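Hello,

Here is the structure we talked about. Please look it over first; my notes follow below.

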Amino acid sequence: MSAFRRTVTVRPDRLALILSPNHPTKNTKYTKSAKKIWLEWTRIHGMEAAHTMTTITKPRGTTEDDITAEVLRRFDATAQPRLRDIMQSLVRHLHAFVKDVELTEGEWMTAIQFLTKTGHMCDDKRQEFILLSDTLGVSMVVDLINHRKPEGATESTVFGPFHRDGAPELPAGGNIAPRDKKGVPTIVSGRVLTLDGGPIAGAWLDVWQADSSGLYDSQYAGTDELHLRGRFRSDEDGRFLIRTVRPVYYAIPTDGPVGRMLSATNRHPWRPAHIHFVVSAEGCEPVTTHIFDDADPYLESDTVFAVKNSLMCRFVRHDSRDEDAARFGVEPPFCTARFDFVLKPALR
Ligand code: BEZ
Ligand code: FE
């Protein structure tokens with residue numbers, strides 16, 4: 001029996017339209033409301049268009065899989081193929097997840113409230129959604145997919161929520177931590193190089209880190225001042241030199257929904273000590289990365305999954321003055337750390 005020969009019992013707002021080469025025959029039976037809609041459709045669009053209107057007569061929403069199939073079908077006509085693929089894949093995975101855990105209505109509501117609170121926790125200084133993405137490992141998967149590097153190129157890692165524009169441009173040896181009196185003075189130096197080891201002159205190094213209390217400048221209430229941030233340029237040999245304090249491990253912000261998620265799941269909020277860099281140069285692909293203190297106790301369990309072996313850096317403690325310490329007036333004890341950044345050529 002064709003779909004048309006069945007009696008349809010639909011409310012006008014539930015009438016589903018699909019384009020079809022079929023058209024009703026004189027045997028088609030309609031309920032009153034369906035007939036009214038049919039006549040209205042014909043009046044507006046003419047008989048030709050009306051002939052393409054088919055009412056779906058099978059009962060709808062019978063099973064969980066019917067709903068999934070129907071939702072997927074509704075995205076079929078998306079004009080941009082990439083958007084269609086993303087929406088359909090999202091629906092497939094989201095429905096599979098809900099079916100897998102047999103989500104209760106209470107859990108569904110908890111999830112809605114969690115996401116609502118996450119949104120309310122976002123402003124120009126705080127991005128709780130990025131934090132959520134980071135702590136679920138999504139940011140790192142996106143990073144890995146998007147920044148596949150050739151052997152030898154510096155690997156990328158998460159950007160994190162604490163970058164700020166407007167960091168001062170500082171000369172070689174400039175101190176990004178002039179107000180941090182508790183931290184261990186540290187000299188970070190190295191070179192910016194091409195894949196074949198040549199120097200990259202004039203590369204920009206945008207640097208930021210938490211202070212010796214484990215807080216970024218933007219986490220201090222009542223001040224907008226920039227601190228522990230700077231922009232440096234490599235010299236003609238590709239060399240750079242930065243004065244700072246030794247980074248310490250720190251907890252990501254735990255006063256919001258992400259913090260509650262971590263404690264409810266018995267996860268810690270710690271990130272291993274690191275310094276953030278964005279290194280960029282003409283003709284090269286910029287890299288957003290960190291250098292990690294290779295002695296940190298949280299390297300194995302970074303709460304945002306951002307550690308990569310190639311980003312390990314040794315922070316060497318000095319208890320006496322050396323040449324760089326004398327040159328930059330750093331008193332022992334202090335640390336030095338060396339790291340070379342290798343940039344791959346930009347895609348043309
Ligand atoms: C950060 O290293 O600044 C960071 C990265 C991800 C989440 C929170 C903080
Ligand atoms: Fe950080």
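**What was found**

Of the 348 residues in the protein, 25% count as buried (20 or more other C-beta atoms within 10 Å of the residue's own, with C-beta atoms placed from the backbone). This is a predicted model, in which local features need pLDDT of at least 70, side-chain atom pairs count only at pLDDT 80 or more, and totals for chains, interfaces and linings use all residues. Residues are numbered from 1 along each chain as its sequence is written, while chains are lettered from A and ligands numbered from 1 in the order in which they are written.

The average pLDDT (the predictor's confidence in each residue, from 0 to 100) is 88, and 84% of the residues score at least 70. For residues 1–23 the pLDDT is below 50.

The protein contains eight helices and 14 strands (DSSP runs numbered from the N terminus: H or I of at least four residues for helices, E of at least two for strands). Five of the strands make an open sheet with mixed pairing, in the order β5-β4-β9-β10-β11; strands pair if DSSP finds at least two bridges between them. β5 (229–233) and β11 (312–313) are at the edges with a single partner strand each, so one side of each has no neighbour in the sheet. Strand β4 (residues 204–208) runs antiparallel to β5, joined by five bridges. Tryptophan 204 has arginine 233 in β5 as its bridge partner.

Around ligand 1 are several residues, including Asp134, Phe162 and Arg271 (near means a C-beta atom, placed from the backbone, within 6 Å).

Regards

Note on methods:
Buried ≥ 20, exposed ≤ 12 C-beta atoms within 10 Å, placed from the backbone. Contact = placed C-beta atoms within 7 Å.
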